[in-house]
Each structure stands twice: as C-alpha cells, then as structure tokens.
Amino acid sequence: MNAALPVLLLLTSLVAATATFFLPQESHRLRNLLNLGGAVLKLGLIAFMLIQVVQGTIYETRLEFAPGLYLLLRVDALSLLFVSLSAFLWLLTTIYAIAYLGNKPDLSRFFGFFSLCVAATTGIALSGTLISFFIFFELLTLSTWPLVVHKQDAKSIAAGRSYLTYALPASALLLIAIVWLESTVGPVEFAMPADLRQLDDTSLRIIFALFIAGLGAKAALVPLHGWLPAAMAAPAPVSALLHAVAVVKAGAFGVMRIVLDVFGLDLMAELGLALPLALLASVTILWGSARALQQTEIKKRLAFSTVSQVSYIVLGIALASPFAVIGGLAHLVHQGLMKITLFFCAGIFDERAGITRVDQLDGIGARMPWASVCFSLGAIGMVGLPPTAGFITKIYLGIGAVQAGAPWVIAVLAASTLLNAAYFLPLVYRIWFLEPGAAITAGDAPTERPLGLIAPAVITAFASVAVGLLAAATFSPLGWATLIAEREYLR
Amino acid sequence: MILSLALVALVAVPLLAALLAVVVPRRGALIALLGVAGIATALVVLVPALVRQGVLSLSIGGWNAPLGITLRLDGLGLAFLSMVATVMAAVLVSARPQFAARAGSGETRSQWAFWPLALLLWSALNVAFLSRDLFNLYVALELLTVAAVALVAIEGKAGSLAAGLRYMMFALAGSLAYLLGVALLYAGHGTLDLTLLAAQGIGSGRSGGTAAADLIAAGLITAGLAVKTALFPFHAWLPPAHSGAPAPASAMLSALVPKASFLILIRLWFEALPELASPVLLTLLGALGAAAVLFGSVLALRQSRLKLIVAYSTVAQIGYLFLVFPLAGGDSFAQPWAAGAWTGAVFQALSHGLAKAAMFLCAGVWIIAVGHDRLDGMRGLATATPMTAFAFALAAVSLVGLPPSGGFTAKYLMLTSAFASGQVVWGAVLVVGGLLSAAYLYRPLALAFAKADTPTFAPVSRRLQLVPLLLALAAITLGLASQTPFSLIQIGRPASAVEGLE
C-alpha cells in the first residue's frame, strides 16, 4: 500500500491526461469529469498522506530502468508542500480554464497537455533521486510547449520558441551536472546525501553553478528569465500554470533540493556558495521589480513581478538560517496563491472587458467588483502588507537575514517592497479611485460570469489572506515549512 | 529442433517470401504480411530460449565452422532482429496503399518490385545479425546493398536514379575495401570465423601473421563498413538516396540498413579483434563520429525539405554510434564504465531505428496530405493530422535524447561513461549534438503547429497515420521499460567488463 500511493498520486493526472487526448472536441462533460475528477482524487490522496506524514510515515516506490538508472518516487514533508500546492491550484485552474476557454478549438489537446504538466510537476515533487527529478523536469518542459503555443498564432509560436531556447540548453547543463556528480559518487538520493567530498572543491563549485544555471532558467533567475514575459502570449490559464502551479515553481523547488538535499547547508557554507546564490537572488529580486515598473501591459508587469518574487524562495534557502529557510519554503506556497489570483483576475479583465493595459483599469472596481477585490488582495499581498501571506514571508526573511549575519539583505527586502508598492499600488488606485475611461463607460457593464471564472479567484484570494492570518496552524504553509525545516535541515 | 527451425526461419522466411512475391506479383502485400507473421513467430519462440539457455547456435547441416555455415543468436543479435522486425512490420503495412496492386488497373514496375526487394532486404539484414563468418557477412552486405540501391531507384525518376547510382558507387568501393581486408585476414590467419579469430588473440603478439598486415586488414574492413554505414566523411551518398526514395523505402534505408554494417563493426572490434584496437584508432573512429554529429546536424539545420532534414539527421545520429569505440573499446573494455557505453550505443542504434522509421513514415503521411515535402507547405498540418504531428514529436523526443525514451537511456549511459572515464570531450559531443538535433527537428514541428492561411490538405487514412505513432511509442517505450532490453542485450556480450556503474 505504501508503495502504491506515490504511483497513484502520479496516475491521477497521468490517466486524466492520456484519456483526454483521445476525446473529441464535443465531449465536454466527459473531459471536464476526467480532469476535475482527477484533481479531486489527487487532493483526497494528498490530504490522507499529509496526516500520515505528520506522524512520520514515508512513502516510497522504486522503478528500475538500467543499472544506476532508476526512478524513485518518495513522499516526504518537502514533496508534500509542493505537491499539495500544485494539486490544489490544479483543481482551481481547471475550473477556471473550463469557464475561460468555453468552446474554443483544440480543448482536448489543451486539457491533455495541462494534466500532463501537472503529472510532471507531481513527479518533480515526488522525485527521490536526481535522475528521477531530471526525467520529470524534462517531461514538464515538453508538455508545457504545446500550451504556450496553444493559440498557434505567430506570437505564440515565437513565445514557444523562446521558451525552448532557454529550457533545452538549461536542461543540457542540468544533465551534465547530474552525470558529472553521479559518475563519481554514484546515484544521488535526496534522502541519503552522498559524500560529495569525493570531488575536489573546484569541481563541486562548477557542478553547483551548472545546477543553478540548469534550474535557473525555469526559476527565471536573472539573466535566464527572458522567456517568462514572452510566454504571456499564451491564454490566462497557461499563465497561471507557468507562474503558480508548475513551471517556475519546479525550478525553485529544484534549487531547494540541490541546496538542502544534495549539497546540504554545511557544504554550501564550506564551499562559499551560499553568498553568491544569495546575491544572485537579490539581483533577480531587484531587477525583476525594476523591470515590472516599466511595463504598461498588466500581464507583463505580473510576469516580471514573478521573476522577482520567486527569488524570495531562493534567497531564503541561500541565507540558510532557520527563519530564512522557513520563510523561503513557505513562500513557495504564498507566492503561488497570490500570483495565481492576480493572473485569474487579469484573465477576467482581458476576456470580459478587453483590458490588457494598466491605464485601462481606471474605475473598473465598480463594474467588476469581485475580480477587482481579488486583484487588490493579491496585489497587497505581493507588496507585503499585513496580514497577508506576503507579509509573513518578508518578516521571516528579514529575521532570517539577521540570524544569518547578512543585514544587507534587509536593504534588499526594503527596496523590493518599495518597488512592489510602486508597481502594484497604482493599479489598486486606478481600479478603485479613478473615473472609468471611455472604453468602459461606453458599453454595458462587463460580466464576471460564469461562476467558474470568478470563484477560483475568490478562493485563492481569500486563501492568500487566510494563510497569513492562520500562519501559526500546523497545516498552514508556514506551519508545514517549520515542520520540514525542523525535521530535516535544522537539527 | 524447433529452435533450429526458428533460427533458420529468420533467414529463410523473408527469402522465400521474396521469391514467392516474384512468382505471384499481385499478392505482394499479402505475402509480406505472412512474412511478418513468420518472423514474429520465430522471435517469440527464440526469446524465452535465449533467456533460458544463453547464446543459441546452429551449424547448418552439422558442419561446424570454419567449414559450414553457422547461425548464432546472442542478445545483441536478438535486439537488432526484434527492432528490424518491428520496423519492417510497420513499413510493410504503410506501404500497402502505395504499392499494392489494385484490381482492374495495370501493375506498375514499382508495385511489382517493391515487395520482393523489401523482403530481400529483410533477409539480408537477418543474415547479417546471425552470421559469424566475415565472408558470409560480405554476402549479406552485398545482398543488402543490391536491395537498398534498387529501392532508392524504384520510382525511376531521374533524381532518384542518380542518387541510386551514387549510392552504388560508394557501396561498391566499400565492398572492395572490405573484401580486400577479409582476404588479407584470411591469408594471415586461415579463418574468417569471428570466434576462431578471437581465439587467436590477434594483436596480442601471440598470434600468427604480422602486426602490420593485421592492422591494414582490419583498417580496410573498417573503412569498407564505415562507407556502408555512411560515417562522415563517407556520408555524401546518404541524404540524396534516403530522401529520394518513397517514404516506406526511406524508412527501411535510414532506420535499418546502416545498422547491419555497424553491428559487424561492433562484432569485429569488441569480439574478434579487441586486442588490435589501439587508442589512436579508437580515437579516430570517435572523432569521425563526433564530426558526423556536428556536420550532419548543421547541414540538417540548413535544409528546406523535410525528408532531407530527416536524412541528414541520420548522418548525425550514426555519429553517436561511433563514440562507443573510444568510450568502450580496446583496453578500456575491462573498465566498469565500458559496459554502459557499449549498451548505450546499442540502445542508440535500436531507438534510432524505431524513431527514424517513424519520422520517415510521418513524412510519407504529410507528402500525401500536402503533395510535396517542402517546409513552407507544412503550416497547419498539426491541426489536420494531429496523430502524425504527435508521432513526429515523440520520435523527435527520442532522437534528441530527452527522457523518457530509448534515446535518453542511450545518451545517459554513454554520457555517464564519458564522465566516469574522464573523456569529457565525447560527453560534450553528446550534449551539443542533442541540442543541435532539437534545433533542426524543432523547425518542422513549429511550422506544423502554426496556423495555416489556406488549409487544404488531401485526406490521409487513419491507419496510415496510426503506424508511425505506434513506432514512435515503441521508441519511447524502449526508454520507459529499458530494464528488459538491457538485460537481454547482455546475453552473450563479450565478457571482461563488469556490469554497469556502481
């Protein structure tokens, strides 16, 4: 039973994906049933495992390919953090996508690859070895491409090309890093840290750099972030997937695994790798924010904001002090909830009112109250005002920086917060306090219906506030991050 | 008894079917399917026996080598036989609409000739996989060349006739070199049987014959086989020949034919003459392979016709195979990493066969839909023929070496060997080659996914679309379930290397 559960967790989305490919366009009900059913089933399994893992259970499945090449699926506290986020958001994004796409063409292709992406993300979360991680990481790259080019127009094809131009060379670097490491120390399992000291310091540093470059393209670390704003050509549910459910998160999660489970915090410090990583994360945080400020398109602004926000996770891990690690881990979930809310709303603004630019938002609050409230909550969370999730992250990172003896990080956090405020608060101001522009007053009041479009945004918006308010609970992201940190890394 | 029968059947069934197809020309397609069934049955009988008893051999008529003809089936041979059988089954099914004689209409030359030629080719391949005698192998290669050249020129168009002629010139030169080398080897050692040659320990100093003569002989044989495998710089014949033939023929030519001469090279250097392999020679073969990877890929990037892209891709993919020589050949074969490289190369040959055949059959589907294979006509094909686009994408995943696929298993095994043995240069070739292949295969795929302005395509039957998808899935499955083929391939593998990397 314990061996079957990780496989089942993977199969919920894999089976949904495979079956969906073969459905004709017209069978909406069956397709929706498959995808929603898979997502609900997955959440159920996760809920069960969450309770078991608190009590100390570990689930493991092994699948041999060739000597030294095997797949290991392992459910531990860290993998559950990621998989529960992606499963929860998968359900909501599926509901949203069904409403958003309506009866547009190629639905079976869309939902098939969408579920495949989630399967790959689940695999990434559950991977117990480097090579398992790599296999699912590649599967994610491949299954995301058809979604990025889904509209099949010139802009989407260009976005898809840009995506692969970053992703494939990055994965080549990742593979080199893995093979280089494993050819000396043997297959690396996350749960049983290998003795990396068999390699000399220089090799280890190069390998680490290769790992960060390989994962950094997905995590959108500067200067490997260029594909992310370009990918805005894709439909809104895909943006949600890229920014919150799967892709960017997979990169950040990979950095966590490499730092925490492959190199380990001690070796990181010995080799002097922590500081460069923290600096890289800081540069990314500031650069992303600065670029976000320059964007006039809402989705582009959100994209650069993601570049900045995801690096909070990397920063927390790099600082390596207890509070910083906990803050970084928790931000994996916090950022997901807030950013997906913003993208859901941006999609509604675009789809229902034709709003794509910042200056078109004037006075939309009165016309589309629900979407506007949710968007505002997400934006406030991103800035880090209490009591939202973003506030919790920043406090923890700040304390962590002091603990780690790196007070300069506080300056980075402060500057980033100011920038966040500078590019998000004007939007909130426009939405609620400015008179509606000509475009909005002319037509009828734009609708936020059907329910499937607005309900997911409302849920994630309130969840992002709730995880801030209830941060002290065991099953809150912060509580869970504390559990992971205490159990695994801060003994 | 039944095992002997099955072993003989692997050679005899396609040969008899070829003859039958000549005698009863209007039933060519049916006869070919019977051939597929016969081979499949023989393989089903042989696999469990091989697993149980290890290497199987049969001396025909009871005459042992060097006098008689011996058929010997090891894991390596079985892997190639199975891959070829899978591809041939797919090709013969796909060829039916194009080459089956239709009632009422007159029979064309290509309809008459295709089936016997394809079956003859199959028989020659199987002989090459089962034979252990350099002269028998020569006969198999000649038979293979004749069938392959005829298939290139089967439509009788000016371009394909020229391509076929060019192919024949190269192949004959290769045969001459091979034959010369074989004669020298025979003069020095009095036998051409691979096992008996191995027993003499050629190159170790304790064998008869002079070292220089042995080296020249082996060099000539290797050069001849390299020409037939289209190793850089002897690849010039391949792209026009493979892209000029009709799609089902291209699939056989590109996916299968080079594998026979490559397998002989493997047997020659790893089984018969391991001690003759000097580091210089191994590095030279590796360097030519690396050049093929880079050169073939760059040329593939510059083509504007789909079939030419796929054909140049074969030049590049064959290059990977030759990296096995520096990674696992010579003295290093005793090292723990050698087994990985050797098995990786075999996986590369197998998965390339499946994926490349899938790709040419996809090209065939699209040629029917569009009328030509120029890239500019491909817009909108993914919407019109989604199954084919998916098949092409899956085949591309395997060729690029992305997981999970047979191509990835191959690349992983070879890459690990490269790093473990400190030969990082070959590892870099593998990685750069993978990226280049992603680049040249991305072009047609992205075009197929783009929206068409005026999407008017001829309809293509679903069966014709399904076949390449199944082949591409087989290439993926080779990676997902590598364990079984991995252990099968090890049966009868030249010993001395420890299994796998620990």
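The model is predicted. Chain A contains 20 helices and two strands. With a radius of gyration of 21 Å, close to the 23 Å that the globule rule gives for 491 residues, chain A is as compact as a globular protein of that length.

**Chain A overall**
- Along the principal axes, the C-alpha atoms of chain A fill a box of roughly 70 × 55 × 45 Å.
- Of the 491 residues in chain A, 62% are buried.
- Among contacts in chain A with a separation of 6 or more, 80% are between residues 24 or more positions apart.

**Contact between chains A and B**
- Chain A brings 28 residues to the contact, and chain B brings 27 residues.
- On the chain A side, the elements that give two or more residues are strand 1 (59–66), helix 5 (130–148) and helix 6 (154–185).
- Helix 6 of chain A supplies the largest share of that side, 13 residues.
- By residue class, the side of chain A that touches chain B holds 18 nonpolar, five polar and five charged residues.

**B:Asp193**
- In chain B, B:Asp193 sits in the loop between helix 6 (158–189) and helix 7 (194–199).
- B:Asp193 has 22 other C-beta atoms within 10 Å; a residue counts as buried at 20 or more, so B:Asp193 is buried.
- B:Ala277 is 84 residues from B:Asp193 along the chain, and the C-alpha atoms of the two are separated by 18 Å.

How values were computed: Residues are numbered from 1 along each chain as its sequence is written. Chains are lettered from A and ligands numbered from 1 in the order in which they are written. This is a predicted model: local features need pLDDT of at least 70, side-chain atom pairs count only at pLDDT 80 or more; totals for chains, interfaces and linings use all residues. Helices (H or I, at least four residues) and strands (E, at least two) are DSSP runs, numbered from the N terminus. The radius of gyration is taken over C-alpha atoms; the globule rule is 2.2 Å times the number of residues to the power 0.38. A residue is buried if 20 or more other C-beta atoms lie within 10 Å of its own, exposed if 12 or fewer, and partly exposed in between; C-beta atoms are placed from the backbone. Two residues are in contact if their C-beta atoms, placed from the backbone, lie within 7 Å. Ala, Val, Leu, Ile, Met, Phe, Trp, Tyr, Cys and Pro count as nonpolar, Asp, Glu, Lys and Arg as charged, and the others, Gly among them, as polar.
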